[in-house]
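Subject: Structure handover

Hello,

Here is the structure you asked to look at. My notes on what was found follow below it.

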Amino acid sequence: MKEITRIITHGRGEDYGIVNPPVYRASTVLFPTVADLEKASLPGHDRRFTYGRNGTPTIWALEDAIIDLEDGYACTLLSSGLAAITTALFSFLKSGDHLLMVDSTYGPTRRFCDETLADLGVETTYYDPLIGTKISSLMQSNTRVVFLESPGSQTFEVQDIPAITSVVKESDAITIMDNTWATPYYFKPLANGVDVSVLSATKYIVGHADAMLGSITTTRNVWDMVHRSFRNLGGYANPDDCYLALRGLRTLSVRLAKHHESGLEIARWLTNRPEVSRVLYPPLEDDPGHTIWRRDFKGASSLFGVVLEPCSKKSLHLFLNSLKIFGMGYSWGGYESLIVPTNPSKGRTATTWDDTKPSLRFHIGLEDPSDLINDLENCFSLMAKSKG
Ligand SMILES: Cc1ncc(COP(=O)(O)O)c(C=O)c1O
């Protein structure tokens, strides 16, 4: 079966003939006999319907669908993308270990390293997202994890994932990748040598801005470590949110195709605007990451950065406050268009972001692109008028 078909058919749960698996909410699960209770609690299998935290059929249906999309061995779901990232990191790191973290990582991932992991005696070294095979020069005898995120948060650098994973495979370390931007529909981390793929399913998997979830999917050789830390840390995913994610996932292929098409149209339009200095979006032919993106990714989502020409704070606020269709708010990956101001220079340590011009992050939704262009055009004209 082709992948688009599998996205529709996999993870339907138990075969009651219902297209969408129902929501099983549970804490207590009752057993008719002591023998049943003892049998269900035997160690050795991951899916025990013994207690809500150990999973319910709704959760497993979504896990099955994600395992298929990721070409993975097993998957576990968490209450948020950040919980998936921290659980994945906790699976492999202990006091005295060393972590290599990409410098363009999502801010709260960096905060977890600098605060929680540092408190526990795990040392983090940040590395240039464009390091490629030179990652070898940063590997130490105690390096246990190399963390990747591509394209980078806010700045959208594309990492050479196959080059990095081929180097890490020569060591005792493992790789974890935050693949939220592309989703496994457009980039498959595990097929590119990554051991652990992490997603904020809150974004494109849920796709409708109404639920929060994270997933960790792994190859066979590291699954036990992830499953152990998931269980010990008390991770859980709400079955109602899993139901919404499963429903969202069914339309992932068509939504992403439209996000890609509209994202590119708006990004191209923005590159020609006098108010815009540059657009940070790997699908654009002159983007520095375009060649690697083209080589490794099957498509693009519609999240990108825009650096404006210098303008006053007042003018920038007038632009943002006057938008009618674009909303202003955090997160992305839903069907709606969003803009937020960004500050890429904040928090970098291995690299610098010297551009002091104002920058924004765009998420292009599923609206008609001509309406989005009109919205932006109107607000750019208001900015020009306000300058006199
Ligand atoms: C790249 C990336 N990874 C992870 C997360 C965290 O996901 P969540 O908000 O589901 O915790 C986000 C959230 O914005 C993100 O942008």
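Five strands make up an open sheet with mixed pairing, in the order β8-β9-β12-β11-β10. β8 (276–280) and β10 (327–328) are at the edges with a single partner strand each, so one side of each has no neighbour in the sheet. Helices (H or I, at least four residues) and strands (E, at least two) are DSSP runs, numbered from the N terminus. Two strands count as paired if DSSP finds at least two bridges between them. β8 pairs with strand β9 (residues 303–308) in the antiparallel sense, over four bridges. Val279 has Val306 in β9 as its bridge partner. Helix α10 (residues 252–271) packs on this sheet and touches β8 and β9. The direction of α10 makes about 155° with that of β8. Axes are lines fitted to C-alpha atoms, for helices over the stretch in contact, and angles between N-to-C directions run from 0 to 180 degrees. Contact between two residues means that their C-beta atoms, placed from the backbone, lie within 7 Å.

Two points on how to read this. The model is predicted, and local features need pLDDT of at least 70, side-chain atom pairs count only at pLDDT 80 or more, while totals for chains, interfaces and linings use all residues. Residues are numbered from 1 along each chain as its sequence is written.

Next, the domains. The domain assignment, which is automatic or from a database, gives domain 1 (3–249) and domain 2 (252–386). Their centres, taken over C-alpha atoms, are separated by 28 Å. Domain 1 puts 31 residues into the contact and domain 2 puts in 34 residues. On the domain 1 side, α1 (3–9), α5 (107–119), β3 (123–127) and α7 (183–186) each supply at least two residues. α7 gives the most to that side, with three residues. The residues of that side divide into 17 nonpolar, eight polar and six charged. In this count Ala, Val, Leu, Ile, Met, Phe, Trp, Tyr, Cys and Pro are nonpolar, Asp, Glu, Lys and Arg are charged, and the others, Gly among them, are polar.

Then two helix pairs. Packed helices are described by the angle between their axes and the distance between the axes. Helix α3 (residues 57–70) packs with helix α9 (residues 239–249) at about 35°, with axes 8 Å apart. Their crossing is left-handed, a term for a near helix turned anticlockwise from the far one by less than a right angle, with right-handed for clockwise. The residues in this contact include Leu62 of α3 and Leu246 of α9. By class, the contact has 10 nonpolar, one polar and no charged residues.

Helix α4 (residues 81–92) and helix α8 (residues 223–233) pack at about 115°, and their axes are 8 Å apart. α4 passes α8 in a right-handed crossing. Among the residues that meet are Phe90 in α4 and Phe230 in α8. This contact divides into seven nonpolar, three polar and no charged residues.

There is also a ligand. The residues around it, each with its C-beta atom, placed from the backbone, within 6 Å, include Tyr106, Asp178, Met212 and Ser331. By class, the shell has three nonpolar, eight polar and one charged residues.

Last, two backbone details. Ser150 and Pro151 are joined by a cis peptide bond, with omega about -5°. Pro151 lies in the loop between β4 (143–149) and α6 (161–168). Ala209, a residue other than glycine, has a positive phi, near 55°. Ala209 lies in the loop between β6 (196–200) and β7 (214–218).

Regards
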